[in-house]
Amino acid sequence: MLGILVILAVSWLLLHFAVKKDLLVLGFTPVPKRLLQFFLGILLMVILLLIVAAADTWWYQFEWQKQEGFTLELFGNSIWYYFKAVLTEDLVFRGAILYILVKRLGPKIGIALSAIAFGIYHWFSFGLFNGEIRIVLLIYVFITTGLMGLAWAYTFVKTRSIIMPLGMHLGWNQAQAIFYPNQPYGELLYKVIERTDVSDGINLAFLFAKAVLVPALVMAFVYLLTKNEKGEKE
């Protein structure tokens with residue numbers, strides 16, 4: 001939590017000196033509206049993750065096994081862990097810096113730069129430079145995380161708030177942890193015990209299709225949600 005407080009302090013300084021604003025421009029209010037957006041973001045990403053899991057089950061012929069060690073305490077601990085993690089990342093990539101970039105360079109450039117930075121960041125957070133460097137994996141991680149970062153930065157701009165992308169980020173990471181390896185709380189409720197191998201080329205096409213489709217659906221949802229609002233202005 002100390003790290004989050006430091007990021008908040010730095011964010012306030014950046015906003016104060018760069019654009020003469022305070023942290024409220026990150027869209028923490030009005031509270032009822034932001035709470036609704038937060039939970040809508042969680043719900044949307046949980047639904048999309050369930051669709052992805054269903055598609056994976058069909059594509060790879062997954063056989064799932066329920067985890068015997070699942071407890072509500074473990075689930076609660078995972079929520080708290082991922083909340084702190086996504087709050088830290090969103091304050092950095094969809095907080096004061098993105099707000100300033102949008103104000104100084106415009107929404108399109110600001111969103112693009114945020115997405116690029118988010119994709120590069122995951123090279124290091126995933127430890128892809130520890131050991132043998134695999135170019136295809138670097139490209140895949142950059143595209144998948146970068147496009148998701150693009151969708152969430154777009155959400156920040158259109159809703160004028162960090163809250164909905166925060167909910168989306170939390171919902172996606174938490175839902176992933178229920179079904180898939182996702183350190184340190186992966187495969188909480190189910191794990192795959194059997195799957196069918198798919199050729200590399202066809203498998204890569206399937207992976208990239210998911211990487212494009214999920215962020216596209218997020219952006220379409222946000223566009224429809226905010227189409228009657230002037231999301232790029234204060």
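**Entry 1: a buried charge**

I started with aspartate 56, which has a relative accessible area of 4% and therefore counts as buried. I kept in mind that this is a predicted model. What does aspartate 56 form a salt bridge with? Its partner is lysine 210, and the closest N and O atoms are 2.8 Å apart. I then looked up where the two residues sit: aspartate 56 is in helix α2 (residues 31–60) and lysine 210 is in helix α8 (residues 200–226). The pair links distant parts of the chain, 154 residues apart. Lysine 210 has a relative accessibility of 19%, and because buried means under 20%, it counts as buried too.

**Entry 2: the other salt bridge**

I noted that the count of salt bridges comes to 2. Here I looked at arginine 94 and aspartate 90, whose side chains meet at 3.0 Å, N to O. Are these two residues buried or exposed? Arginine 94 is buried, at 0% relative accessible area, and aspartate 90 is buried at 0% as well. Arginine 94 has another contact to write down: its charged end sits over the ring of phenylalanine 118, 4.4 Å from the ring centre.

**Entry 3: helix α2**

Back to α2, to check its span. The helix has 30 residues, so at 1.5 Å a residue it should span 44 Å. I found its end C-alpha atoms 43 Å apart, which agrees. Which residue follows α2? It is glutamine 61, and its phi is positive, near 55°.

**Entry 4: aromatic rings**

Next I turned to the rings. How many aromatic pairs does a search of the whole structure find? It finds 22. I picked out phenylalanine 62 and tryptophan 64, an edge-to-face pair with 5.4 Å centre to centre and 90° between the planes. Phenylalanine 62 is buried at 13% relative accessible area, while tryptophan 64 is partly exposed at 24%. I also looked at phenylalanine 70 and phenylalanine 75, which form a tilted pair: 6.0 Å centre to centre, with 55° between the planes. Phenylalanine 70 is partly exposed at 27%, and phenylalanine 75 is partly exposed at 24%.

**Entry 5: a ring cluster**

I wanted to see where ring pairs join up. They link Trp58, Trp59, Tyr60, Phe62, Trp64, Phe179, Tyr180, Tyr190 and Phe206 into a cluster. Phenylalanine 62 and tryptophan 64 from my last entry are both among them. Tyrosine 60, another member, has a charge over its ring: the charged end of arginine 195 sits 4.3 Å from the ring centre.

**Entry 6: out to the surface**

Last, I looked for a nonpolar patch. Which helix gives the largest share of it? It is α5, with 5 residues. Both α5 (107–125) and α6 (135–159) supply at least two residues each. I checked one member, isoleucine 135, which lies in helix α6. Its relative accessible area is 55%, and because exposed means over 50%, isoleucine 135 counts as exposed.

Key: Residues are numbered from 1 along each chain as its sequence is written. This is a predicted model: local features need pLDDT of at least 70, side-chain atom pairs count only at pLDDT 80 or more; totals for chains, interfaces and linings use all residues. Side-chain values use heavy atoms; hydrogens and water are left out. Helices (H or I, at least four residues) and strands (E, at least two) are DSSP runs, numbered from the N terminus. Buried means under 20% relative accessible area, exposed over 50%, partly exposed in between (1.4 Å probe, protein chains only). Rings of Phe, Tyr and Trp (its six-membered ring) pair if their centres lie within 6.5 Å; planes under 30 degrees apart count as stacked, over 60 as edge-to-face and the rest as tilted. A charge sits over a ring if NZ of Lys or CZ of Arg is within 6 Å of the ring centre and within 35 degrees of the ring normal. A salt bridge is a side-chain nitrogen of Lys or Arg within 4 Å of a carboxyl oxygen of Asp or Glu. The expected span of a helix is 1.5 Å times one less than its number of residues.
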